[in-house]
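Here's a quick briefing for anyone opening this structure for the first time. Take a look at the picture, then read on.

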Amino acid sequence: MECCLASLLRAPSLSIVLPGKSSRRSSSLHLRQLVGFHPSRCQKMFVPGFGEASPEAKAAANLHHFFTFVAIKIVLSQLQSYNREAYEELMEFVSRNSLNDGDQFCRRLMRESPRHKGLALRIMEVRSAYSKRDFEWDNLQMLAHKMVDESNTRLMRDYVKETSHIEDN
């Protein structure tokens, strides 16, 4: 909350007038003292609307489900080459069950049959190994930054072209 308030207090268009105060500077200073604002502590943006979880926690949950999906693909690929019967059973189970929640998928798979329990344990083992050893976390960060920058540039370029009526050459 401090960071959000701090950015508002520094905004040039904001004019805060408290009772008994006439200037924006003194109002802003008084408000900073009231909320205990300390600029040195404000390093990250405040993101409202995530309740108890941070945006990073939400992204981690989505990655967790994605890792289950990846693990299923890996296990299916392995089974296809050496255990056709288990491959077909897992494919049939995948066709009947949603992959939106990886833990729920594994929970259902474990309870399907003793053979399916083994497949679920294999998927969980592969999911863990993939997330710890094979997933390229640095590459994820680089790609995310690159995608955001390229998208922002493309959107701004398109907007300028639309509003200035400049034709593409």
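This is a predicted model: local features need pLDDT of at least 70, side-chain atom pairs count only at pLDDT 80 or more; totals for chains, interfaces and linings use all residues.

Residues are numbered from 1 along each chain as its sequence is written, and side-chain values use heavy atoms, with hydrogens and water left out.

**The overall picture**

- The protein chain has 7 helices and 0 strands, with helices being DSSP runs of H or I of at least four residues and strands runs of E of at least two, numbered from the N terminus.
- Read from the N terminus, the order is simply α-α-α-α-α-α-α.
- Of the 169 residues in the protein chain, 22% are buried (buried means under 20% relative accessible area, exposed over 50%, partly exposed in between, with a 1.4 Å probe and protein chains only).
- Take the contacts (heavy atoms within 4.5 Å) between residues at least 6 apart in sequence: 49% of them join residues at least 24 apart.

- Helix α3 has 28 residues, which should span 40 Å at 1.5 Å a residue, and its end C-alpha atoms are 41 Å apart, which agrees (the expected span is 1.5 Å times one less than the number of residues).
- Its buried residues include Leu63, Phe67, Val70, Ile72 and Leu79.
- The buried residues of α3 pack against α4 (84-96), α5 (102-112), α6 and α7.
- Over in helix α6 you'll find Leu119, which counts as buried at 7% relative accessibility.
- Leu119 touches Leu79, Ala86, Leu90 and Leu109, leaving aside residues up to four places away in sequence.
- Leu119 and Leu79 are 40 residues apart in sequence and 9.9 Å apart in space, C-alpha to C-alpha.

**Aromatic rings**

- There are 7 aromatic pairs in the structure (rings of Phe, Tyr and Trp, with its six-membered ring, pair if their centres lie within 6.5 Å; planes under 30 degrees apart count as stacked, over 60 as edge-to-face and the rest as tilted).
- One of them joins Phe67 and Phe135: the ring centres are 5.0 Å apart and the planes at 75°, so the pair is edge-to-face.
- Phe67 sits in helix α3 (residues 55-82) and Phe135 in the loop between α6 (114-134) and α7 (137-164), so this pair ties together parts that are 68 residues apart in sequence.
- Both Phe67 and Phe135 are buried.
- Tyr130 and Phe135 are edge-to-face too, at 6.0 Å centre to centre and 65° between the planes.
- Phe67, Tyr130, Phe135 and Trp137 form one aromatic cluster.

**Salt bridges**

- The structure holds 7 salt bridges (a side-chain nitrogen of Lys or Arg within 4 Å of a carboxyl oxygen of Asp or Glu).
- Arg96 forms a salt bridge with Glu92, with the closest N and O atoms 2.5 Å apart.
- Arg96 and Glu92 both lie in helix α4, 4 residues apart, or about one turn of the helix.
- Arg96 also forms a salt bridge with Glu112, where the closest N and O atoms are 3.0 Å apart.
- Arg96 lies in helix α4 and Glu112 in helix α5, so that pair ties together parts 16 residues apart in sequence.
- Asp103 and Arg127 meet in a salt bridge as well (3.1 Å, N to O).
- Asp103 is partly exposed at 32% relative accessible area, whereas Arg127 counts as buried at 11%.
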